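This report covers a few local features of one model. The sequence and structure come first, followed by notes on selected residues and elements.

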Amino acid sequence: MSQVIDHRRRGLLGIAAATIAAAPLIQSARANAQSGTTKSAALPTIKPGTNTSLGPIKQIDAGVLNVGYAEAGPADGYPVILLHGWPYDIYSFADVAPLLAGAGYRVIMPYLRGYGTTQFLSGDTVRNGQQAVVAVDIIALMDALKIQKAIIAGFDWGARTANVIAALWPERCKALVSVSGYLIGSQEANKKPLPPKAELAWWYQYYFATERGRQGYDSNRHDFSKLIWQLASPKWNFDDATFDRSAEAFNNPDHVAIVVHNYRWRLSLVEGEPQYDDLEKRLATFPVIAVPTITLEGDANGAPHPDPAAYRSKFSGKYEHRTSSGGIGHNLPQEAPRDFAQAVLDVDGF
């Protein structure tokens, strides 16, 4: 059974104000969201950074984890699962959530393994960060919450996880919103060297491959993550309070182990768990995604990301790509929340 934990400094006032701000959405959008047939609707204008609370954090056992998650919107609304990346957390959706909740959706924002209040149920479980296992975690969460099918949207690790679910379990994914498009990878493909400029952008991946890097990240989680935010979103003038709200999530006792394993696994420096080998073999074929999809990109994304033309053929269903302008970086849902929320509404109507 779920239980609620009140996080310090994370009261209800922000989400209440946000819900009021979203109230002008037409009532037909709310009704359609509950049936999963929302068409494109006009969202209210919102200034990024308006909302500073996601309300109480809930906890539920799901698979090998006790998952911490925030929830917004009516309990009978059509479910939308929003997935964050590294080094970010569920506060990337602080402005997106009230917009979607106001449109009648049930919005669920889980902390991925190694973040926030999500904990392993057993100390003996491998602290594994490979791509398949994070997707398995979300399927387990859907099962625990009795959600058969949902719209799944995310960025960075969250986009990759959403891609994996849409590719391997399309019956669980009604539609997909993916920042930076198709991000499914394989260890074999990652063995191929990139041009020097591209390799430079992956500097932290090689840093994490060393023991010095593991220790350095562990000792400097706050400053290291803040640097990544600045590099990945060079035109985003976030303040300290915005960063610090998310930085709390990196104090999770398993955070460093999960992050380091993820990047070492990509380079074949460590193994994954054998029970996920078949899933990884399927992912290594770069399966085409058939569910309705909108891909997004920021016009100032400073993180490594593919050109949209490179992944167009990986989506065989109804598809659209959008670029958010105005200096939008890697953390698109937090920097351009209205664009992200609108994509969710629109893809639901595909």
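In which helix does Leu227 lie? Leu227 belongs to helix H9, which covers residues 221–232. The model is a predicted one, and the values below are computed from it.

**Surface patch.** Leu227 has a relative accessible area of 34% and is partly exposed, because that value falls between the 20% limit for buried and the 50% limit for exposed. Together with Trp203 and Leu231, Leu227 makes a nonpolar surface patch of about 240 Å².

**Ser324.** Strand S10, residues 319–324, contains Ser324. Ser324 has a relative accessible area of 2% and is therefore buried, the cut-off being under 20%. The Ser324 side chain makes a polar contact with the side chain of Asp339 at 2.7 Å. Neighbours within four places in sequence aside, the residues in contact with Ser324 are Glu297, Gly298, Asp299, Leu332, Ala336 and Asp339.

The two residues with listed accessibility are set out here.

| Residue | Relative accessible area | Class |
|---|---|---|
| Leu227 | 34% | partly exposed |
| Ser324 | 2% | buried |

**Helix H15.** Residues 337–348 form helix H15, a run of 12 residues. From first C-alpha to last, H15 reaches 17 Å, close to the 16 Å expected at 1.5 Å a residue. H15 is mostly covered, with 10 of its 12 residues buried. Among them are Pro337, Phe340, Leu345 and Val347, as well as Gln342, Asp346 and Asp348.

Key. Residues numbered from 1 in each chain as written. Predicted model: local features only at pLDDT ≥ 70, side-chain atom pairs only at ≥ 80, totals over all residues. Heavy atoms only, no water. Helix = DSSP H or I, 4+ residues; strand = E, 2+ residues; numbered from the N terminus. Expected span 1.5 Å × (residues − 1). Buried < 20%, exposed > 50% of the residue type's maximum accessible area, 1.4 Å probe, protein only. Polar contact = N/O pair within 3.5 Å; in protein donor to acceptor, adjacent residues only side chain to side chain. Contact = heavy atoms within 4.5 Å. Patch = residues over 30% accessible without salt bridge, like charges linked within 9 Å, V, L, I, M, F, W, Y side chains within 5 Å. Areas by Shrake-Rupley, 256 points an atom, 1.4 Å probe, with all protein chains shown as cover. Salt bridge = Lys/Arg side-chain N within 4 Å of Asp/Glu carboxyl O.
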